[in-house]
Amino acid sequence: MNICICDDDFATHQIIKEYLQDSLSSGINVFDCFSAEDLLKSADKYDILFLDIKMGEVNGLEAAELIRKNNKDIIIIFISSYPNYVFKAFNVEALHFIVKPIDGKEFKSVLDRALYKYKTEHSSIKLSWQKERYVIKISSIKYIEGYNRHITVHTQDGTYEALGKLSDLYKELSPHGFIRTHQGFIVNMDYIKRFDVSHVVLFDDTKIMISVRKKAEALEIFDKYLRNKKW
């Protein structure tokens with residue numbers, strides 16, 4: 001994982017680095033940029049970005065817009081003395097906006113959310129079908145249906161056939177926000193728009209069957225998931 005601090009103030013860099021060193025495990029690289037221009041030269045390699053707004057000729061918001069066009073997955077956290085920019089910051093899907101001076105407790109909470117988001121978005125499962133092998137990002141899976149040992153995985157990128165038991169997949173995926181709505185279906189809660197009488201409805205309006213026996217439990221798990229969601 002690569003984390004970048006982009007701020008034209010050296011003291012801010014040092015404060016953020018100290019907070020990162022107190023929180024991060026080994027194997028995570030931290031890079032420094034002191035202008036948006038320098039950041040734009042290397043932005044493709046960063047996973048998490050702590051970004052100031054008021055900097056030189058190109059400000060942080062402009063840089064974030066350019067970066068987001070080529071790097072949809074980068075996690076952007078703005079750090080600024082100008083809270084009036086907070087709403088513009090979310091136009092580039094920023095995770096959070098920290099107002100200077102930086103509060104250590106808030107920083108730690110935001111960093112935890114960023115690391116959780118990164119881990120979730122980069123987790124994957126391995127599946128096989130006949131002579132084919134797949135590695136599928138868990139975050140891209142909308143729902144899975146299964147009958148006997150035949151699995152169909154519906155993702156943002158398409159549909160995949162696989163061999164396996166739905167019950168085994170559910171054990172693997174339930175920690176990542178999946179619920180079982182029916183004996184033959186498990187659903188990624190990030191894609192759920194609403195529950196109706198007999199279906200779970202996704203944001204793309206796909207309807208997935210939910211059994212009477214599992215509905216109460218599914219609703220309870222979904223409510224808890226939304227309350228505890230970290231990002």
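Author: A disulfide is counted here when two cysteine sulfur atoms lie within 2.5 Å of each other, and in general terms such a link is a covalent bond between the sulfur atoms of two cysteines. Please keep in mind throughout that the model is predicted.

Reader: With that cut-off in hand, how many disulfides does the structure hold?

Author: The structure holds zero disulfides. The cysteine sulfur closest to that of Cys4 belongs to Cys33 and lies 3.8 Å away, which is too far for a bond. Cys4 itself is buried, with a relative accessible area of 0%. Cys6 is likewise in no disulfide, since the nearest cysteine sulfur, again that of Cys33, is 5.3 Å away. Cys6 is also buried, and its relative accessible area is 0%.

Reader: How should I read a nonpolar core, and which residues have the most contacts inside the largest one?

Author: The general idea is that, in soluble globular proteins, nonpolar side chains tend to be buried together. In this model the largest nonpolar core has 24 residues, and those with the most contacts inside it are Cys6, Leu39, Leu49, Leu51, Ile76 and Phe78. At least two residues of this core come from each of strand 1 (2-6), helix 2 (36-42), strand 3 (48-51), helix 3 (60-70) and strand 4 (75-80). Helix 3 supplies the largest share, four residues. There is also a second, separate core of 18 residues, which includes Leu20, Phe50, Ile77 and Leu95.

Reader: Which residues does Phe78 touch, if those up to four places away in sequence are not counted?

Author: With those left out, the residues touched by Phe78 include Leu51, Ile53, Leu61, Ala64, Val92, His96, Phe97 and Ile98.

Reader: How do I read a pair of aromatic rings, and what is the count of aromatic pairs here?

Author: A pair of aromatic rings is described by the distance of the centres and the angle of the planes. In this structure the count comes to seven aromatic pairs. One of them joins Tyr82 and Tyr85, whose ring centres are 6.3 Å apart and whose planes stand at 80 degrees, so the pair is edge-to-face, given that planes over 60 degrees apart are classed in that way. Tyr82 is partly exposed, with a relative accessible area of 38%, whereas Tyr85 is buried, with a value of 16%. The ring of Tyr82 has a further neighbour, for the charged end of Lys54 sits over it, 5.5 Å from the ring centre.

Reader: What kind of pair do the rings of Phe195 and Phe222 make, and why?

Author: Their centres are 5.3 Å apart and their planes are at 55 degrees, so the pair is tilted. Phe195 belongs to strand 13 (residues 192-195) and Phe222 to helix 7 (residues 212-228), so this pair ties together parts that are 27 residues apart in sequence. Phe195 is buried, with a relative accessible area of 18%, and Phe222 counts as buried as well, at 9% relative accessibility. Elsewhere, Tyr19, Phe50 and Phe107 form one aromatic cluster.

Reader: Turning to the strands, in which sense do strand 8 and strand 9 pair, and over how many bridges?

Author: When strands are paired, one looks at their sense, their bridges and the link between them. Strand 8 (residues 141-147) and strand 9 (residues 150-155) pair in the antiparallel sense over six bridges, and within this pairing Glu145 has Thr152 of strand 9 as its bridge partner. The two strands form a hairpin with two residues between them, where Asn148 takes a positive phi near 55 degrees.

Reader: Which other strands pair with strand 8 and with strand 9?

Author: Strand 8 also pairs with strand 12 (residues 185-188), in the antiparallel sense and over three bridges, and there the bridge partner of Ile144 is Ile186. Strand 9 is joined by six bridges to strand 10 (residues 158-163), and these two run antiparallel. In that pairing His154 stands opposite Thr159 of strand 10, and the two strands form a hairpin with two residues between them.

Conventions:
Residues are numbered from 1 along each chain as its sequence is written. This is a predicted model: local features need pLDDT of at least 70, side-chain atom pairs count only at pLDDT 80 or more; totals for chains, interfaces and linings use all residues. Side-chain values use heavy atoms; hydrogens and water are left out. Rings of Phe, Tyr and Trp (its six-membered ring) pair if their centres lie within 6.5 Å; planes under 30 degrees apart count as stacked, over 60 as edge-to-face and the rest as tilted. Buried means under 20% relative accessible area, exposed over 50%, partly exposed in between (1.4 Å probe, protein chains only). A charge sits over a ring if NZ of Lys or CZ of Arg is within 6 Å of the ring centre and within 35 degrees of the ring normal. Two strands pair if DSSP finds at least two bridges between them. A nonpolar core is a set of buried Ala, Val, Leu, Ile, Met, Phe, Trp, Tyr and Cys residues joined through side-chain atoms within 4.5 Å. Contact means heavy atoms within 4.5 Å.
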